[in-house]
Amino acid sequence: MANQPPPMESLPIATDTVVTLSYVLFNENGEAVDQASTAEPLIYVHGYAQIVPGLERALEGLRAGEQREITVEPAEAFGEREDSGIFEVDKADFPDAGEVEVGDEFVAQGPDGEPVALRVVDILPDGFRVDTNHPLAGQKVRFQVQVSDVRAASEEEIAQAQAELEERIEESESGGCCGHDHDHDHDHDHGHPHEHGNGEVLVTLSKKSS
């Protein structure tokens with residue numbers, strides 16, 4: 001009887017691999033704030049800043065079936081909190097201002113046309129205090145990760161990932177987003193809609209879909 005060939009060892013996570021993983025994200029208080037299940041996993045191309053940099057770096061070399069608990073410092077996760085990201089906006093700039101509550105999230109159009117996520121943190125007599133910082137900015141976060149699959153990316157997938165990375169770099173250099181994305185509504189940017197030449201708030205607001 002001929003010897004069976006040994007099973008192929010799974011590919012390690014490295015640049016130009018497509019990674020499928022599930023995770024639970026915990027904030028610095030230990031509360032679970034986001035997750036990607038095995039039924040609806042996170043799929044990304046490694047090496048192109050499609051997830052937060054600290055997590056991407058820690059995943060390097062892992063293979064399908066491996067699990068890790070990964071702690072990421074603020075600068076390598078969702079960034080440090082910026083005081084300039086908190087400012088006031090007139091109620092007239094908000095749709096249905098009378099129905100706005102603390103914690104509501106909106107998408108505004110910044111001075112350069114880029115989308116900016118706003119979260120209402122206080123209701124004032126004539127306006128709202130909003131925060132454009134990511135909710136997890138300034139926090140050390142923890143990921144519980146399980147890698148489901150690692151495969152080589154196709155040429156098309158690599159080209160698309162490279163194009164998206166170059167676009168984010170261009171936006172970052174022009175004052176747009178911070179240069180990396182995170183799936184499951186953790187995209188964030190630091191282009192503040194109040195930073196306009198005459199100091200006016202030039203925004204078109206729309207309620208974020210849940």
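Helices (H or I, at least four residues) and strands (E, at least two) are DSSP runs, numbered from the N terminus. The structure is a predicted model, in which local features need pLDDT of at least 70 and side-chain atom pairs count only at pLDDT 80 or more, while totals for chains, interfaces and linings use all residues. Residues are numbered from 1 along each chain as its sequence is written, and side-chain values use heavy atoms, with hydrogens and water left out.

Select Ala49 to begin, in the loop between strand 3 (42-45) and helix 1 (53-59); its phi is positive, about 55°, although Ala49 is not a glycine. Ala49 counts as buried at 18% relative accessibility, where buried means under 20% relative accessible area, exposed over 50%, and partly exposed in between (1.4 Å probe, protein chains only).

Turn now to the salt bridges (a side-chain nitrogen of Lys or Arg within 4 Å of a carboxyl oxygen of Asp or Glu), of which the structure holds nine. Select Arg57 and Glu76, whose side chains meet in one of them at 2.3 Å, N to O; Arg57 lies in helix 1 and Glu76 in the loop between strand 4 (67-72) and strand 5 (86-90), so the pair ties together parts that are 19 residues apart in sequence.

Finally, select Arg81 and Asp131, which meet in a salt bridge at 2.6 Å, N to O. Arg81 is partly exposed at 40% relative accessibility, whereas Asp131 is buried, at 3%.
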